[in-house]
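Visitor: I'm new to this one, and I'd like a close look at a single part. Could you take me through the salt bridges and then show me what sits around them?

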Amino acid sequence: MTMTLFDRWMSTIRTRTVAFIAIVLAIAVTAVSCSGGGGTTAQSSPGIAPELVADYIHTVLAADRTAYTKHVVNRAKMLEGKAKDDGVLAIEATEGWQQTNGIPLPAQMFRLGSEISNESGYFTYNLISPWYINDSHAPKGEFEEAAVEEMIETGEPVKDYQEIGDQTFFSAMYPDKAVAEACVSCHNTHPVHLERYPDKQFVMDEVMGGIVINIPLAGA
Ligand code: HEC
């Protein structure tokens with residue numbers, strides 16, 4: 001059987017239409033899978049796992065805090081009223097830095113950064129502790145209250161999903177340990193600590209609190 005001109009013409013149109021539809025579909029799928037990128041929520045799939053995102057953020061936060069402690073605070077001649085032998089800069093790192101023209105303590109520097117970053121709406125982070133000096137560091141909500149106990153008991157990070165209102169978050173809490181004698185001595189002798197937790201004396205390597213990171217998830 002031979003094809004008429006009309007048949008051949010129809011066949012060409014069908015092939016082209018199928019190809020055209022395939023291209024349109026491909027563009028539509030690409031558009032859908034890219035449209036979440038610019039928003040304020042993470043894609044659960046096929047992007048980076050939220051657990052890994054939290055680990056990345058934590059790595060940067062911990063590194064910045066250590067770098068500030070090591071390369072700025074440690075070079076000050078005074079730390080909270082006490083002279084430092086290895087200090088080279090005529091400044092004092094002190095909680096009352098705004099009143100005394102000093103520089104903030106590492107925990108305060110961390111909080112100042114978090115207050116700015118949290119305004120971005122992408123994710124939030126915060127320091128928490130059951131033995132908090134600053135009230136804004138009290139564990140809040142079901143996840144933080146349960147996770148802080150587990151983290152102190154195991155010394156390991158705790159990660160979970162939590163619902164706040166209509167929004168699902170991936171939340172992770174990482175232990176903040178007494179890695180230097182200064183952590184222990186400053187907290188143990190702080191007037192607010194002595195008043196609130198007279199029976200609590202930190203020891204080296206103990207979990208003193210944690211860093212909490214909350215990442216909002218899209219359509220989860
Ligand atoms: C010279 C004093 C001093 C030193 C040293 C110090 N801290 Fe703090 N820390 C504070 C103060 C003051 C706050 C409250 C800061 C604020 O107002 O945000 C704080 C806050 C914290 C918090 C949040 C809970 C709270 O108490 O509000 C944690 C956790 C913490 N520090 C852990 C550590 C660790 C770990 C180290 C050592 C690596 C350390 N600190 C070193 C004074 C100190």
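Guide: Happy to! There are seven salt bridges in this structure, and keep in mind as we go that the model is a predicted one. The general idea is simple: side chains of opposite charge can pair when their charged atoms come close.

Start with K159 and D55, a salt bridge whose closest N and O atoms are 2.8 Å apart. K159 belongs to strand β5 (residues 158–164) and D55 to helix α2, so this pair ties together parts that are 104 residues apart in sequence. How covered up are the two partners? K159 is partly exposed, at 27% relative accessibility, and D55 is partly exposed too, with a relative accessible area of 26%.

D176 itself counts as buried, because its relative accessible area is 18% and the cut-off for buried is under 20%.

R111 pairs with E115, with 3.2 Å between the closest N and O atoms. Both residues lie in helix α4 (residues 106–117), four residues apart, which is about one turn of the helix. E115 is partly exposed, at 41% relative accessible area. Going back to our opening pair, salt bridges that share partners join E51, D55 and K159 into one network.

R111 is worth a second stop, as it leads us to the ligand. Of the 25 residues around the ligand, R111 is among those that come nearest, along with H137, C183, C186 and H187. An N or O atom in the R111 side chain is 2.6 Å from an oxygen atom of the ligand.

You'll find H187 in helix α6 (residues 181–189).

Methods: Residues are numbered from 1 along each chain as its sequence is written. This is a predicted model: local features need pLDDT of at least 70, side-chain atom pairs count only at pLDDT 80 or more; totals for chains, interfaces and linings use all residues. Side-chain values use heavy atoms; hydrogens and water are left out. A residue is near a molecule or strand if one of its heavy atoms lies within 4 Å of it. A polar contact is a pair of N or O atoms within 3.5 Å; within protein, one must be able to donate a hydrogen and the other to accept it, and residues adjacent in sequence count only if both atoms are side-chain atoms. Helices (H or I, at least four residues) and strands (E, at least two) are DSSP runs, numbered from the N terminus. A salt bridge is a side-chain nitrogen of Lys or Arg within 4 Å of a carboxyl oxygen of Asp or Glu. Buried means under 20% relative accessible area, exposed over 50%, partly exposed in between (1.4 Å probe, protein chains only).
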